[in-house]
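Colleague: I have a new model open and would like to learn how to read it feature by feature. Could you walk me through it?

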Amino acid sequence: MPSEKNMERPLTKNIDPDRGPLDLKGYVAAGGYEGARKALTSHQPGDVTELVKNSGLKGRGGAGFSTGMKWSFVPMGEDAPHPKYLVCNADEMEPGTFKDRLLLEGDPHSLIEGMIVAAYAIQADVAYIFLRWGYTHAAGLLRRAISEAEEAGYLGKNIFSSGYNLEMYLHISAGRYICGEETALLSSLEGKRANPRAKPPFPQVSGLFGKPTIVQNVETLCNVHHILNHGVDWYKNLSLTEEGGTKLYGVSGKVKNPGCWELPMGTPVREILEGHAGGMRDGLQFRGLLPGGASTDFLVEEHLDLAMDYATIGKAGSRMGTGTMIVMDDQTCPVGMALNLQQFFAQESCGWCTPCRDGLPHVVKILSAIENGEGRMEDLDKLSAMCKYMGPGNTFCALAPGAAEPLQSALKYFREDFENHIQGKKCPWRN
Amino acid sequence: MATIEIDGKEYEVEAGKNLLHVALSLGLNLPYFCWHPALGSVGACRQCAVKQYKDKDDQHGRLVMACMTPVSDGMRITVEDPESKTFRATVIESLMTNHPHDCPICDEGGECHLQDMTVMSGHNYRDYRFKKRTFNNQYLGPHINHEMNRCITCYRCVRFYRDYAGGRDLDEYASKNHVYFGRFEDGVLESEFSGNLVEVCPTGVFTDKELKKHYTRKWDLQTAPSICVHCGVGCNIIPGERYGQLRRILNRYNSEVNGYFLCDRGRFGYEFVNSSERIREPKLSSDVASKSDAISQIVGWLKDGKGAIGIGSPRASLESNFALRELVGKDRFFNGLGVKENRLASLALKILREGPARSASLNDAEKADAVLVLGEDVTQTAPMLALKLRQSVRNVPMESLSQANIPQWHDGAVREFAQDSKGPFFIASVKATRLDDIATETYRLAPSDIARLGFAVAHHIDESAPAPSGLDQETEEAAKRIAEVLKNAKKPLVVSGTGSGESAVLEAAANVSRALCSSGVQAGISLNFPECNSLGVSMLEEKGLEEALEYVNANHPATVIVLEIDLYRRGALEEIDRLFEEVSQISCIDHLENRTTANASAILPCGTFAESDGTMVNSEGRVQAFYQVFVPPDPIQESWRWIRDLLLETGNAKAKSWNDLDDVLESLASEIPDLAPALDAVVSADFRIAGQKIPRQPHRYSGRTAMRANIDIHEPKPPQDPDSPLAFSMEGFHGKPPSGLASRFWAPGWNSVQSLNKFQEEVGGPMRGGDPGKRLLEPIPGEASPGQYYSSIPAAFSPEEGHLLIAHVHHIFGSDELSVHSPGIDELRPRPYVAIHPEDAKQCGLDEESEIDVPAGENSVTLKVTFENSLPRGVAGIPMGLPEFPEAVAMSGSFKVQQGVKQ
Amino acid sequence: MLTSEERTEIEAEIAHYEQKQAACIEAMKIVQKHRGWLSDDGIRDVAEIMEMTPAELDSVATFYNLLFRQPVGRHVVMVCDSVSCWIMGYENIRQYLMDKLEIGMGETTQDGRFTLLPICCLGNCDRAPAMMVGEDLHQDLTPEKIDAILEKYA
Ligand SMILES: Cc1cc2nc3c(=O)[nH]c(=O)nc-3n(C[C@H](O)[C@H](O)[C@H](O)COP(=O)(O)O)c2cc1C
Ligand code: SF4
Ligand code: FES
């Protein structure tokens, strides 16, 4: 394991919470925009895509799909439809997730640089940053950074004299978790209801305004110029596992030192939880955690020594998701937590497909009944069945399957707590 | 083709279609909600889930939505495995969590797709123990009732209303399990096609408010296949009757004509059948008379030396018209069309006959890839054609779908990919039309200028077509652009009709279609005729009212027999008055009192379309049969029967052989060869299946023994029907009849209109055994086409200060004679007005309170001014056909504006 | 009627997109910024400039959490109700706010000063519980802190 001190932190190296983000001058002085310059002046777009593919970079928005692979589906060449679009997904509304905020507030130019590289690779004409409304501070910083970059000629016409043009705009959402789902995000950018769209066709072929479009998470994009700058091998070496690079990991809940850190990809769960987050607060016991946001399955004690990467966590029956964990202690009611999560998902359902729209409220009502001491034993089977019902492929998008994950695993690992509620006709944590 | 396996059975199917479409077409039962054959797939409801296996060895499979899954060769599917069955049942359970248990008081009950799918999915017992959500309902106008609590959020309503029909005032609001479908605020639904919500909504959210006034369950309605009588399109309908009242009209699918939908005029325009203005007894000089007295009186007049003339009707069947012709003799039979109307209709008929362009069916119109509309406000005069034309603009954008690998049925993806792009669609009209939103370009011109534009387009397509002289630059350029687009299209369509009142417009349309055909393009032409049998009666007889007037002036016949027509809607008041003055006796056969019957010395009460059988020819030239829905109270009978009675009384030999309607049609076919194919459009009265007739009443028809108990406790013998293979009874063959005899759509497990899929060869395709109806006019292609270019091009319209040119304006609600008897339609129709461009009004010192005198024949009418920005300068729009304003028909040419009189 | 200021801001947004309608959400936010909330007339005004019908625009407006179709107070207090904040004591914070302001969630104080709304995860989970008042974020909330925070908003 690389030692803490000398490990490289490309994503956060410029971030100093006490000073505020670097302006353009400072960013350039710190070696900024070199990756973009390199990409635009000495690489063909296809080569950039190839490099990113080889780097093993996987999307940091939660699904972990190969970034370079995604780009390679965009129609290229003379006949390709235009305008093409690049969209940065800065919606970050997954409960328990606060990693993109760090980047947006800490180093906005890094995002812009990453976007220039990505946009160039797919020959996008226009780029949007889709930012959630609540990030008001980031909005101001991004606005300033975009206009600085425009003034410096990093955006606009003929960037780095390469002949490549790119416009960039900030779009501030009007608030809806589903906007983070990439196709719903496109509907929203078109000024429509943020209902997701069927895939296929994928946005790479028919996306924003029916044109080829790539949607990429903030953290993902913040990686790409470093790959260009330092090469694939360097990038792979940052990681402890097969999956390249570093990762922003976060911990929230009743731990001693909640926060967000850039660490090598594949850092073990325990190291993050106990090393960086300082372990549980005094007097509390660890019971479980959601490894990467609200829509991932619980992990428990037995999983703590697993490496936090997509493949390992996947094998353990959960998902690394956003990599920001939510910790549940022994003073927190698992039923209450499940209820809170399901209320969130039910509330944020777009209303398009039946299992999500009408299934989640049903789940919420059952969980409320259990929490309020009105549960029935058969409710537990019903809940399990509902999780299956809302499973992947059964719904129109991944929201409802995401909702099923914490519930199905809570039923698995904390079944006793559910039963206690039902038998005792009350929540043991409430009077 | 692809071979697929469903639950162990192999099927040969068309590759690329979606699995739901394919499964239903194979006759399998698979539940669904959000999918609709005309609206495509969006994958929202998740009801159509089935399990798909990767290959032969895959044991697990995964659930897929059938409607979103293209079939491909080697595909392995199960519908029956427990996992997919449980999933489908759970979807119903979810939908039911908020659905009220109000079936007994719900208008949809008994023909509810949600009921059907619930039973099909096997979710029988409610185990949801929590509260249901509630919504407020909206007032949506006289036709549609709103009950949002029943909504299952399938999104069909908005997908039909907004995406398909172009309505912009019904939408979805809010989100999660609180999505609301309605208007921004209470108010009348603006779309002319709102009534389809009743059939599109799979449950009882949008129901038929007119039906509600005299509600009857589907299973208690007596129904028969019929044809809409409210315009020339000839939509296929299913009217339903109970207790001697017509209670509602539903769509009857015909893939070549109306497909799945109807317009609101057609759906809600039936109240005239139940009207208090119905003529129910024979009358002699306004006094009720016995049947025999009335007949002998009229025959008395007929036998008078000076003889009789007969005036037929574009809203009566071919058979009734033909019978009248037989009664008075060919020379003394006239077709009932007014002077101008008849000229236009015979011109349109000539154009269709001569070709070379093919007369387009509605289905052809939907498939056109470039459209030019000349002078016809289609939404108002042929509404369902407008709905089909609206779809045509999607064809060009669809062509590039395959690049992105998007199947045409994948509605969500198609619309996202195509965004707002539309195929070429050009409209030349006197004022704004309801299709302007899909038009590439619109031109607002006086009728003569519309014609000139058309002539110029023809000339730019084929130089040998005559060109208008002195065309302004702008129009010339437009003509070039249109010509270019039409020439390069694969299936261009020219749309026009009698609506503009200007022959030159029709001639221009003919020239454009001819020019296209001569340059090797397979052009279609769609000419709209105003009434349900205008084309039929024109084919039967050329002479119209003009000739009738001449005849009367010259020969002073003893009587005129007027068949199902109000002559005052056909010509100037004084002309009709004169006609009536010239003949001593007027005999009317009609079902509603009107200005003509008010003048009659004898009236015979005839059945409406719902009480009669017969054939009619629609604007396409398709002859279609309609069947009697119910037996009207004695002595009302079909027009042709009255005429037969008269004939028998006169001792006519032919009439003696007319035992049933088939006999009349056979006589007609042998005398008028052009109409002979009509024989193929009807199923003859002696047709039987397994020796049985086809019942008009469903097998669950209730109350038969009780419904007349207040009159007589003995159940009467059901009326016999000698004229058709249908029976006024529950007894008979309850299987699937030949397509033209489908009295209702029902199949085991399918009580709603969605059962239609069991009657089609393929979902969305023709009816099994072929769509009913028979085309009469096939084009004479190419060289053999006898016609030639029309060359009398009118002069350009030049407005003269202080004068206005009268242009006809049509209204879907208001311009049609019969439908305005429905209170709902009467409520929505305009009152008489004269529309003027505000600048013209200013010039003449008029405002919107002003009234001006507009000449009509020898008289004039005072009309209220309304402003209409879209009119060309110097043109005044006059609404046609309004009941209190029959004079409109006699208004034409220019008039001097009389300084407005302030009220 | 849109004010000329609203109109100018909306037109600038329209320029950012291939299609006009894409700016409609931004346009509604602009009107909301100036008028506090989106009344029926507000919807009609925006619909007109966007070339949409009020029904079409309201369909979009009612989808989003932060477009207010009902009047709100001068300051909107949005308390994060998502899981991390819930674990860290959201329920107490909510109760405290409701007691202090004497309103329920979704309601506005008599004096029109505050409206209390729940909001989903503010991305501030490591400093939970969190809330926003207007555009300002407040974290590590305790009842005492809330007293001080609310005082800043007149
Ligand atoms: C309900 C839902 C919400 C999502 N929210 C976000 C989000 O807020 N931010 C994000 O980057 N990805 C989010 N995603 C994932 C995106 O759909 C998409 O996969 C991602 O933006 C792609 O970027 P990446 O490949 O860089 O991860 C969400 C997915 C779902 C199903
Ligand atoms: S799962 Fe269905 S209803 Fe839920 S957000 Fe996705 S598409 Fe909408
Ligand atoms: S019919 Fe297939 S998902 Fe609705």
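Predicted model: local features only at pLDDT ≥ 70, side-chain atom pairs only at ≥ 80, totals over all residues.

Colleague: What is the phi of Asp140(C)?

Modeller: Phi of Asp140(C) is near 50°, a positive value in a residue that is not glycine. Tyr155(B) is another non-glycine residue with positive phi, about 70°. Tyr155(B) also lies in a loop, the one between strand 6 and helix 4 (156-164) of chain B.

Colleague: And is Tyr155(B) buried or exposed?

Modeller: The relative accessible area of Tyr155(B) is 1%, so this residue is buried. Thr134(B) belongs to the loop between helix 3 (113-121) and strand 6 (144-146) of chain B. Here is one more thing to read from the coordinates: Thr134(B) and Pro100(B) are 34 residues apart in sequence, with their C-alpha atoms 9.2 Å apart in space.

Colleague: Let's step back to chain C. How many helices and strands does it have, and in what order do they come?

Modeller: Chain C has 7 helices and 4 strands. Read from the N terminus, the order is α-α-α-α-β-α-α-β-β-β-α. The C-alpha trace spans about 50 × 30 × 25 Å along its principal axes. Of the 154 residues in chain C, 57% count as buried. To see how the chain folds back on itself, take the contacts between residues at least 6 apart in sequence: 59% of these join residues at least 24 apart.

Colleague: What does the surface of chain C look like in numbers?

Modeller: Its accessible surface comes to about 6,500 Å², with 47% belonging to carbon and sulfur atoms. For charge, chain C carries 14 positive and 27 negative side chains, and the centres of those two sets are 3 Å apart.

Colleague: Which residues of helix 3 in chain C are buried, and what covers them?

Modeller: Helix 3 covers residues 40-50, and its buried residues are Gly42(C), Ile43(C), Asp45(C), Val46(C), Ala47(C), Ile49(C) and Met50(C). Their cover includes helix 1 (4-14), helix 2 (24-35) and helix 4 (54-61) of chain C.

Colleague: Now the interfaces. How much area do chain A and chain C bury between them?

Modeller: They bury about 3,800 Å² between them, 58% of it on carbon and sulfur atoms. On the chain A side, Trp133(A), Ala174(A) and Arg193(A) lose the most area to chain C, together 18% of what that side buries. The contact involves 54 residues of chain A and 39 residues of chain C. There are 2 salt bridges across this interface. One of them pairs Glu18(C) with Lys211(A), whose closest N and O atoms are 2.8 Å apart.

Colleague: How many residues of chain C touch chain B?

Modeller: Here 15 residues of chain C are in contact with 11 residues of chain B. The two chains bury about 1,100 Å² between them, and 49% of that is on carbon and sulfur atoms. In chain C, Gln19(C), Ala55(C) and Glu56(C) lose the most area to chain B, together 38% of what that side buries. The count between these chains is 2 salt bridges. Among them is a bridge between the side chains of Arg44(C) and Glu185(B), at 2.9 Å from N to O.

Colleague: Last topic, the backbone. Where are cis peptide bonds found?

Modeller: One cis peptide bond joins Pro200(A) and Pro201(A), with omega about 0°. Pro201(A) lies in the loop between helix 8 (182-189) and strand 5 (213-217) of chain A. Another cis bond runs from Asp634(B) to Pro635(B), with omega near 5°. Pro635(B) is placed in the loop between strand 28 (622-626) and helix 23 (639-650) of chain B.

Methods
Residues numbered from 1 in each chain as written. Chains lettered and ligands numbered in written order. Heavy atoms only, no water. Helix = DSSP H or I, 4+ residues; strand = E, 2+ residues; numbered from the N terminus. Buried < 20%, exposed > 50% of the residue type's maximum accessible area, 1.4 Å probe, protein only. Contact = heavy atoms within 4.5 Å. Areas by Shrake-Rupley, 256 points an atom, 1.4 Å probe, with all protein chains shown as cover. Lys, Arg positive; Asp, Glu negative; His and termini not counted. Charge placed at Lys NZ, Arg CZ, Asp CG, Glu CD. Buried area = accessible area lost by both parts, 1.4 Å probe. Salt bridge = Lys/Arg side-chain N within 4 Å of Asp/Glu carboxyl O.
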